[in-house]
Amino acid sequence: MDQYKAAVIGAGPAGLAVVATLLDQECIPILWIDPNFEAGRLSNYLEVPSNTKVKLFQQYVTTSPSLNRFSTKALMPFVGQDPDKGCPLNLAATMVKSLTDSIRKADSTRVHCVQKVVKELAFSEGRWKIDGADECERVYLATGSHPRSLPDTGVEELLLDDVLTPTRIPELVTDDDTVGVIGSSHSAILALKNLHECATTRPKRIINFFQSPLLFAIYKEGWILYDNTGLKGEAADWAKQELQSGNLEKEKKLERICVKDYSPEEQVKSWQQCTKLVHAVGFDRNPVPKILFNGDELKQISYDPHTGKIADGLYGFGIAFPEKTVDPYGNQEYAVGLWKFMCYAQKKIKL
């Protein structure tokens, strides 16, 4: 049975931030577990434009001394990019994968990497046991999330990940389709944009069903209003030009329907005028391992959104367990993004 100071489950941006922070504090040895070590879900969004400025991706690396050792190679994809603008997420995915590979190679005596899916975490006598074998003092879950699916509507659902990839659109829709996009989030706006701009196959009708009006991030002195919920970057620019202006509706290329006051049954009936639907509202936590605490199973996983604590020695980080923040106006949001994951880890992981 191997003994570790800490175990980190997940190798996406949040898992990498936690491992880097533990290395910064010399909390070793570390057990790092992931099925693939391929930058997590970030690797699904290679054609998606970021809503994060390039300089914040760069700060994600340079903030941690353990990552900054590899900054020259890891930040190479951003050479020539405007630091105050967004970029394709494939650059961020390449950066995370490069940093992950570098740690696995350079720190192999301090970080033991295992490719697998963890099935069980069990706590007793002050220590956590992973799948009945490895023991550690602390476990950090950075297991990620996935787009929330629709309830059964009788209408074919297009996966959000697919619609966020422009090169896949021609395989998904035909000229005879009526495609509905549900939501007004960053993802929903990009889905609408991709469907409208497809050069080879464009649905005959595109309908946007929404409950909340378009919300844009507002840059203040030293902070951002609606930092985590407002539209930014390419999605914001397109939404202002084509949706807020009413241009596409005037040209009858897109229809927007507010369903805020609809009952659930009325919403489903409205969606059923479509041949295909894209759900772009919310993410659900990926499955986590079975968790036993002093012999009792934790079936409902809750956490402190200010510290990440789930139970003694067990913490959650990343999009599945985000930090709750309050802006100067008192608005509460959950902080999601690479730079925010790193800041949260550096601030809260204190040994």
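Reply: Two strands pair if DSSP finds at least two bridges between them. Strands are DSSP runs of E with at least two residues, and helices are runs of H or I with at least four. Both are numbered from the N terminus. This is a predicted model, where local features need pLDDT of at least 70 and side-chain atom pairs count only at pLDDT 80 or more, while totals for chains, interfaces and linings use all residues. Residues are numbered from 1 along each chain as its sequence is written, and side-chain values use heavy atoms, with hydrogens and water left out.

Me: How do you know that strand β20 and strand β21 pair?
Reply: Count the bridges. β20 (residues 323-326) and β21 (residues 332-335) share 4, in the antiparallel sense. Pairing needs at least two, so the test is passed. K324 faces Y334 in β21. The two strands form a hairpin with 5 residues between them. In its turn, G330 has a positive phi of about 90 degrees.

Me: What joins β16 to strand β17?
Reply: 2 bridges do, and the strands run antiparallel. At least two are required, so this pair counts. F293 has D296 in β17 as its bridge partner. Here too there is a hairpin, with 2 residues between the strands. N294 in the turn has a positive phi of about 50 degrees.

Me: In which sense do β4 and β16 pair?
Reply: In the parallel sense, over 4 bridges. A122 has L292 in β16 as its bridge partner.

Me: Why are α1 and α5 called oblique to each other?
Reply: Helix α1 (residues 13-24) and helix α5 (residues 89-106) pack at about 40 degrees, with axes 11 Å apart. Axes are lines fitted to C-alpha atoms, for helices over the stretch in contact, and angles run from 0 to 180 degrees between N-to-C directions. Under 35 degrees is roughly parallel, over 145 roughly antiparallel, 65 to 115 roughly perpendicular, and the rest oblique. That is why α1 and α5 are oblique.

Me: Which residues meet between α1 and α5?
Reply: P13, L16, V19 and L23 of α1 meet V96, L99, T100 and I103 of α5 (contact means heavy atoms within 4.5 Å). By class they are 7 nonpolar, 1 polar and no charged. Ala, Val, Leu, Ile, Met, Phe, Trp, Tyr, Cys and Pro count as nonpolar, Asp, Glu, Lys and Arg as charged, and the others, Gly among them, as polar.

Me: How are α2 and α5 oriented to each other?
Reply: Their axes come within 11 Å and cross at roughly 5 degrees. Therefore α2 and α5 are roughly parallel. F57, Y60 and V61 in α2 meet L89, A92, M95 and L99 in α5. This contact has 7 nonpolar residues, no polar and no charged ones.

Me: What is the order of the strands in the open sheet?
Reply: The 5 strands run β8-β14-β9-β10-β13, with parallel pairing. β8 (156-158) and β13 (255-258) are the edge strands, since each pairs on one side only. From one strand to the next, the twist averages 25 degrees. β10 (residues 205-210) joins β13 through 4 bridges, and F209 stands opposite I257 in β13.
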